[in-house]
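Hello,

Here is the structure for your files. My notes follow below it.

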Amino acid sequence: MTIMVTGGAGFIGTNLIITWLAQGGEPVVTLDKLTYAGNSLNLNLLPKDRHTLIVGDIGDRELVRKILTDYKPRAILNLAAETHVDRSIDGPGTFIETNVVGTFNLLEEVRRHYGALEINDAENFRFLHVSTDEVYGSLGPQDPPFTEKTAFAPNSPYSASKAASDHLVRAYHISYGLPTLTTNCSNNYGPYQFPEKLIPLMILNGLTEKPLPVYGDGQQIRDWLFVTDHARAIIEVLNKGRVGETYNIGGGAEKSNLEVIRSICTLLDQRKPIGRPHADLIEHIRDRPGHDRRYAIDSTKLSSEIGFNPQMDFETGLSTTVNWYLDNPSWVESVQSGAYRQWLDHHYGKAPLNGQEIDSLKS
Ligand code: NAD
Ligand code: DAU
């Protein structure tokens, strides 16, 4: 028996595969395009008889068909996606290509494969689609957290493309009986996260005494979940989830961006002092267009039906994450390519806000 993971060379995929194999799960075949966000080094240390990496696109139907024929996976965990909101605003095309068209092509091949399975294999087969809380849009300060019944209201090309993929997965269950499961998770953090995302970007900028760029007033709120808790939740949903259902996964750790950045600064002050507080590096810059103000997840369904609760509290998780980036300079160097530096220049090259502009954010 084998399971197939798409996007396994990315941040969550890597942590998921490591967790899966450590729990004694079946061998894994990973399909990953190795975009700028995918790193084959992440998976190099896994035992060769328990993990195979195939480099390719989820939208390549011939390749997907061959993998399904050769490996006959009993489950497919779909994590492959373009994932960075700022890049989706800068250039939405690849998001539509991978997250919408790619998911559609993958589903078509999986539907074909599922239709040809023997009864026992078909009963055990699952397609688990990993998605995001961003499909639900933005909350006001007093709004209740997102439940699985909250209406979709995506605000960025990224979240719209993920919402489209969620709808396709739902439709393939309803129309074709594909045994699907969908998870919608809040913001992850931890080892192996590409340093374009808030937490690793702040850690690495802080370490090299570069500005810490805060969008707008920094009072936007995210619900943070340590990545191995997300991995464990996905595995539990695969094992115990009801076919056709969606499950929200959250960290129960709502924090404003400034709170998170200040906590990182305190950890860096202790671990790598620079003669002044790292918080002095904080710089307010122009806000992300359409920036969602608050996300929060109601995980009641996950805890009551599946019995899953996160294990890692935010303070321990953040400290573990900072230590991981300090302890893995060669990994950090391997992901900071020319293309990465180009993105930083392109995205952060503009002047920071002046005092008057910052004051106007407060009023
Ligand atoms: P990531 O950007 O770190 O990794 C994505 C991986 O997908 C990379 O390895 C990349 O090479 C691969 N990929 C991209 N396009 C592909 C294609 N066409 N075919 C095959 N592989 C392709 O992303 P992540 O943070 O690990 O997110 C994984 C999944 O979890 C995504 O679906 C994302 O929407 C979802 N998610 C992420 C978060 C988060 O906070 N990071 C939270 C909730 C849900
Ligand atoms: O909620 C789940 C989502 O979380 C996932 O689906 C996405 O794939 C993942 O990227 C993440 O989206 P966010 O937009 O919330 O994450 P990001 O790390 O880009 O930003 C987190 C917050 O920090 C957000 O409010 C924007 C802000 N931010 C981000 C960066 C990169 C800054 O203030 N400055 C920055 O330089």
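Thr 19 sits in helix H1, which runs over residues 11–22. Bear in mind that this is a predicted model. Thr 19 counts as buried because its relative accessibility is 12%, and the cut-off for buried is under 20%. A polar atom of the Thr 19 side chain lies 2.6 Å from the backbone oxygen of Asn 15. Neighbours within four places in sequence aside, Thr 19 is in contact with Thr 228, Ala 231, Arg 232 and Ile 235.

Now the ligand. There are 24 residues around ligand 2. Those that come nearest are Asp 133, Tyr 158, Arg 288, His 291 and Tyr 348. By class, the shell holds ten nonpolar, eight polar and six charged residues.

- Thr 132: a polar side-chain atom lies 2.7 Å from an oxygen atom of ligand 2.
- Tyr 158: a polar side-chain atom lies 2.6 Å from an oxygen atom of ligand 2.
- Tyr 215: here a backbone N or O atom lies 2.9 Å from an oxygen atom of ligand 2.

As for cover, ligand 2 taken alone exposes 690 Å². The protein buries 95% of that.

Best wishes

Methods
Residues numbered from 1 in each chain as written. Chains lettered and ligands numbered in written order. Predicted model: local features only at pLDDT ≥ 70, side-chain atom pairs only at ≥ 80, totals over all residues. Heavy atoms only, no water. Helix = DSSP H or I, 4+ residues; strand = E, 2+ residues; numbered from the N terminus. Buried < 20%, exposed > 50% of the residue type's maximum accessible area, 1.4 Å probe, protein only. Polar contact = N/O pair within 3.5 Å; in protein donor to acceptor, adjacent residues only side chain to side chain. Contact = heavy atoms within 4.5 Å. Near = heavy atom within 4 Å. Areas by Shrake-Rupley, 256 points an atom, 1.4 Å probe, with all protein chains shown as cover. Nonpolar A, V, L, I, M, F, W, Y, C, P; charged D, E, K, R; others polar.
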